[in-house]
Amino acid sequence: MTEYLLQMKNISKTFPGVKALDNVQLEVKKGEVHALIGENGAGKSTLIKILAGIYYPDSGAEFYFEGEKAEITKPLDATNKGISIIYQDLSLFPNLSVAENIYIGRDSNKRPWKKVEWKNIYQVAKKALDELEVNIDPNISVERLSIAQQQLVEIARALAFESKLIVMDEPTSALSSGEVEKLYKVVDKLKNQGISIIFISHKLKELFRVSNRFTVLRDGKYVGSYNTNDIDESKLINLMVGREVIYDRNTSEPNVGETIFKLDGLSKQGNFKDISFELKKGEVLGVTGLVGSGRTELAQAIFGVNKPDEGTIEIYGEKVTIKNSQHAVKKGIAYIPEARQTQGLVLKQSIINNISLPIINKIRTKFKLIDRKKEIQIANEYVKTLDVRPALPQMLAEKLSGGNQQKVVIAKWLSTKPKILIIDEPTNGIDIGAKTEIHKLIKRLAEDGIGVIMISSELPEVLSVSDRILVMRHGRISGELKVQEATQEKIMNYALKGRGNVKTPDVPADSGQISQGV
């Protein structure tokens with residue numbers, strides 16, 4: 001009897017112009033947490049979609065589940081085998097109750113006029129939630145739950161389907177530190193019940209915390225599988241990217257110019273209060289703090305999404321009132337939001353269409369038609385300059401890896417020729433190799449004279465990229481540091497206590513999320 005629950009062998013997948021997977025294998029033991037890692041574009045998502053029955057592999061692929069040869073040609077095949085996929089973008093119905101979301105799909109083979117047994121739906125949901133030891137009302141609407149609670153509902157749904165294998169894709173990307181610890185306990189509990197888990201994450205520290213083994217992919221190829229106890233972070237990164245990645249501190253003096261942007265006493269009730277700072281030409285100004293400190297709300301106010309209640313904004317010494325985002329763009333401000341898939345891109349549109357979206361009126365002919373030749377030319381220039389991979393401007397944005405999607409969002413806003421670029425969590429959900437590329441790109445933009453405001457929860461990122469750092473706490477600026485004098489301890493103390501002289505901060509379990517490592 002085999003020790004493996006799942007064996008995938010000789011898995012290849014070719015898309016037009018791209019070989020996404022080339023003879024890849026994956027073996028998952030019963031009752032283990034198996035980390036699947038690799039850079040963006042390494043083939044992780046494609047492999048999981050093949051496992052889920054969304055994609056069909058090229059000829060020669062072999063599947064074995066519980067020691068028996070299996071065929072997965074559609075999602076229902078995977079479900080019937082006991083395989084559940086929890087994607088990074090949760091697939092819940094927000095207007096339905098928790099119980100309905102947990103139960104939905106179980107009666108797919110029943111006749112359409114079969115009476116709905118609401119009592120049974122409630123009992124199934126309650127049992128699954130009780131197994132996880134979570135206190136969520138099955139009758140409440142999913143849209144009223146936090147992201148962490150929705151994540152647990154997805155896991156409960158997998159349990160309700162009596163899943164033997166659960167795939168978790170970036171499950172902690174939107175969770176606070178306290179919520180992450182709760183998820184770890186749930187993962188440990190599932191493992192102890194004999195359920196296997198494929199855990200996909202770019203956060204290496206959490207992978208070492210939860211996993212028993214690693215499988216590494218690089219450029220669509222299988223690199224190897226390793227016991228967690230036999231490998232360290234440095235070796236793992238080298239296996240992922242095929243080169244040494246150095247996450248350096250920025251210690252150089254910034255080569256900055258005149259003040260191009262200034263806030264004075266900017267406030268919005270319930271979001272932030274009395275925000276004042278200056279941004280210089282060619283400067284990267286890092287803004288950090290715990291979740292809920294008001295960073296994103298401040299960025300949206302600057303960009304005209306949410307109008308501030310009081311205070312002034314100056315651009316090149318001129319006081320301006322930003323009426324809306326279109327007005328902000330005209331004033332030379334660009335904003336790259338944290339949620340690139342829902343707020344930064346039109347996933348069903350091509351790279352070309354996404355890049356040209358904010359400048360569509362500038363590339364019209366005298367007959368008000370879009371100058372397609374010019375649109376393609378602009379897209380090709382940015383695809384080449386930012387090294388978007390694959391370099392196929394006609395490709396849909398949804399087909400790209402997270403790192404390359406981020407490059408397209410940056411290209412989209414660079415096409416507006418901004419003077420001030422606000423970028424919120426630039427490397428969220430992006431692997432270590434792509435992170436270094438994005439960091440180099442941000443620095444290059446600053447060298448070209450753009451003033452960059454970079455919002456980030458990752459302290460190594462803030463220390464690596466910023467010239468100057470602002471720390472926010474409870475909607476106010478609690479500290480300002482030159483990067484040469486900044487340390488993670490100082491930043492954490494400003495974020496937690498509003499001062500920078502305490503060596504070891506006490507981080508409350510529910511204080512929010514600020515990452516101190518890769």
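This is a predicted model: local features need pLDDT of at least 70, side-chain atom pairs count only at pLDDT 80 or more; totals for chains, interfaces and linings use all residues.

Guide: Gladly! Helices (H or I, at least four residues) and strands (E, at least two) are DSSP runs, numbered from the N terminus. Residues are numbered from 1 along each chain as its sequence is written, and side-chain values use heavy atoms, leaving out hydrogens and water.

Visitor: Is Gln151 buried or exposed?

Guide: Buried means under 20% relative accessible area, exposed over 50%, and partly exposed in between (1.4 Å probe, protein chains only). At a relative accessible area of 7%, Gln151 is buried. Contact means heavy atoms within 4.5 Å. Leaving aside neighbours within four places in sequence, Gln151 is in contact with Ile86, Leu90 and Pro171.

Visitor: How do I read a sheet?

Guide: Strands of a sheet pair through backbone hydrogen bonds, either parallel or antiparallel. Here, two strands pair if DSSP finds at least two bridges between them.

Visitor: How many bridges join strand 11 to strand 14?

Guide: Five bridges join strand 11 (residues 259–268) to strand 14 (residues 310–315). Across this pairing, Asp264 stands opposite Thr312 in strand 14.

Visitor: What is a cavity, and which residues line the largest cavity?

Guide: Rolling a probe the size of a water molecule over the atoms shows where empty space is left. On a 1 Å grid over the protein atoms alone, a cavity is a set of points where a 1.4 Å probe fits but cannot get out; lining residues have an atom within 4 Å of a point. Grid points are joined across faces, edges and corners, and a volume is the space filled by probe spheres set on the points. The search of the whole structure finds one cavity of 30 Å³ or more, and the largest cavity holds about 40 Å³ of space. Its lining residues include Phe277, Arg295 and Ile453. Helix 9 gives the most to this lining, with four residues.

Definitions and conventions. On a 1 Å grid over the protein atoms alone, a cavity is a set of points where a 1.4 Å probe fits but cannot get out, and a pocket is an open set with protein on both sides within 12 Å along at least five of seven lines; lining residues have an atom within 4 Å of a point.
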